Amino acid sequence: MNEIFSDQTLLETRKVCKTFGSGKNAVNAVIDVDFQIHQGEIISIVGTSGSGKTTLAKILLGLLKETSGEILYKGKPRLLKSQKERRAYWQNIQAIFQDPFSTFNQFFRVDKILNDCLKLQGLEHISQKEKTEKMQDACKFVNLKYEELYNKYPFELSGGQMQRLMIARIFMVKPNILIADEPTSMIDACSRSTILDMLMKLREEEGMTILFITHDLGLAYYLSDTIYIMESGRIVEKGPAEDVILHPQDSYTKQLVSDVPKLHEEWVLSY
Amino acid sequence: MTTKTLIVKNLKTYYKTRLKEKVCAVDDISLELEEGRVLGIAGESGCGKSTLALSLMGFYFPPLNFKSGTIEVDGVDIMKLPYEKLRTDYLGTKIAYIPQAAMNALNPTLRISNFVLDVLREHRPDLTKEQMLNLAREKFEFLHLPERVLSAYPNELSGGMKQRTVIALSSMLNPKVLIADEPSSALDVTSQKIVIAMLKKMMDDQFVKSMIFITHELPLLRHVADDIVIMYAGEFVEKGTAEEVIFDPIHPYSHALMASIIVPEEEMKSKQLCAIPGAPPNLKNVPPGCRFADRCSFAEERCKKEFERIPLIHFGNGRYSRCIFSESELREKYAKKAAKQHSENYYE
């Protein structure tokens, strides 16, 4: 698996910290996080609830500002001061969120949602026919039928359909980096494998770099090349997926691995 | 001799929609639950798992309606009881239910002790307030919940703690049957383990005599349940012990479901994940014949024609499957498919 991604570092964080509140009430959500994402790599960040995974994702997306530290995109410090810079950044980095039911604007129909992706790419000027073709392609990629959906509102779709529509959006924007924040935690095991397959396909066909955030070690192991384990804001272990899952070194990782119910091993339920 | 705590025969319930359509979410289901056993129910979203759990409680709010069947709890058909008697003498004391996302059901303006008093005042009016709180304290201590929980507001507790509190509340009166609908699906792995350990402890110490556990996480069921039924489009398609259903599924649907399991084990990395194509049939009008036929890779024409509805066939040793093919025919098909996949991988 390791040959798929190149050595070129795409996104890098250096000693990124995030503190909420101040003085006595300060909460350090992310502490000194360093990592590199290479072109075409799938990275997973695993941790329990409250370990700072989502905060980190929001910082990377530019939705939250880091308290200290540096974030480099393609070797240069990323700039998010003006609307123009932010827009350029979001052409390169996009996200899928946990709750498919609250990601879409309820007042916009599916065609409008997909059309906005073209706008983000700066493709307003192309003809309506080309636009429709692009939208159809995207829907086909995620096994949705554009003809049935384009006139519907998001709340008329099922959870699985919405999550797939989210991926169709990503397919249209074609960002360099995709941040997937627990995209499968609200859907059942069967649709989950469909979503995972699509993420793999995005990497294979589009060369997309994926940062996958989850609390499920099984998913992380199946999908990723590199795994980072996060505990209360710090990264406690990192390495190739095989090493981290099958031969964990850190005591926290060991505990996480033993907490997952497995098929062939006894699950020790200590109280 | 083992006693049966719950016997359900031919239960049919339906939702009546705004447009007067009937959605038959629980279609002719029969099940038996023995004392000391945990029955796991698995299936994808929308297959009727949660509706079944709700239906087993014996009271129906629109749009859910009861059509036919019997639900015997502890030897009494609760469908024949008047509502008031059912509510005071059966619900909570004989049969208890933990709804999905139960932790969001706690009223944020009340302390946990209020919920305890609420439950006990209804079912044990003979106790004084102090006795009720003592009872709760004992119970909480036994389940390793700190005493401060009783005087806390729900928003002061973590997700796992809230879930455990809800479970402790619903089993306050030591019910014979506990129905747990996805009790751990909103939690992370560590809290999930604590919740499951607590449920196990309640079973071991006979607080709860028997349990129905509903989830879509099959690896979890393997450790929790003694028996598993697989549900699809409102009906059971396979039934057997946990080991048998997970490691040796017979029905094509359960077989496909097992292929979508993901666990952090060594062979996972090379495993080919198989998603089931298509979507389950619309329960407003179910097609005749096999309900899985449109998505099944082994389906033939006779799957949809031979029967109006395929019966649940007993294979011996308590194993049932709802498929037109015999066990040996299916095994042959699986072997062929596996061999084909293997050779494809080889040539790649």
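The model is predicted.

**Chain B against chain A**

The two chains touch through 33 residues from chain B and 28 residues from chain A. On the chain B side, two helices each supply at least two residues: α7 (189–204) and α8 (218–224). The most comes from α7(B), with seven residues. By class, this side of chain B has 16 nonpolar, seven polar and 10 charged residues.

**Two domains in chain B**

Chain B splits into domain 1 (4–111 + 170–232) and domain 2 (250–347). Their C-alpha centres are 26 Å apart. The domains meet where 10 residues of domain 1 of chain B contact 12 residues of domain 2 of chain B. On the domain 1 side, β2 (22–34), α8 and β9 (227–232) of chain B each supply at least two residues. Here β2(B) gives the most, with three residues.

The table sets out the classes of residue on each side described.

| Domain 1 of chain B, touching domain 2 of chain B | eight residues | one residue | one residue |

**A helix to check**

How far apart are the end C-alpha atoms of helix α4 (residues 129–142) of chain B? They lie 20 Å apart. This agrees with expectation, because 14 residues at 1.5 Å a residue should span 20 Å. After α4(B) comes His144(B). The phi of His144(B) is positive, near 60 degrees.

Methods. Residues are numbered from 1 along each chain as its sequence is written. Chains are lettered from A and ligands numbered from 1 in the order in which they are written. This is a predicted model: local features need pLDDT of at least 70, side-chain atom pairs count only at pLDDT 80 or more; totals for chains, interfaces and linings use all residues. Two residues are in contact if their C-beta atoms, placed from the backbone, lie within 7 Å. Helices (H or I, at least four residues) and strands (E, at least two) are DSSP runs, numbered from the N terminus. Ala, Val, Leu, Ile, Met, Phe, Trp, Tyr, Cys and Pro count as nonpolar, Asp, Glu, Lys and Arg as charged, and the others, Gly among them, as polar. The expected span of a helix is 1.5 Å times one less than its number of residues. Domain bounds come from an automatic or database domain assignment.
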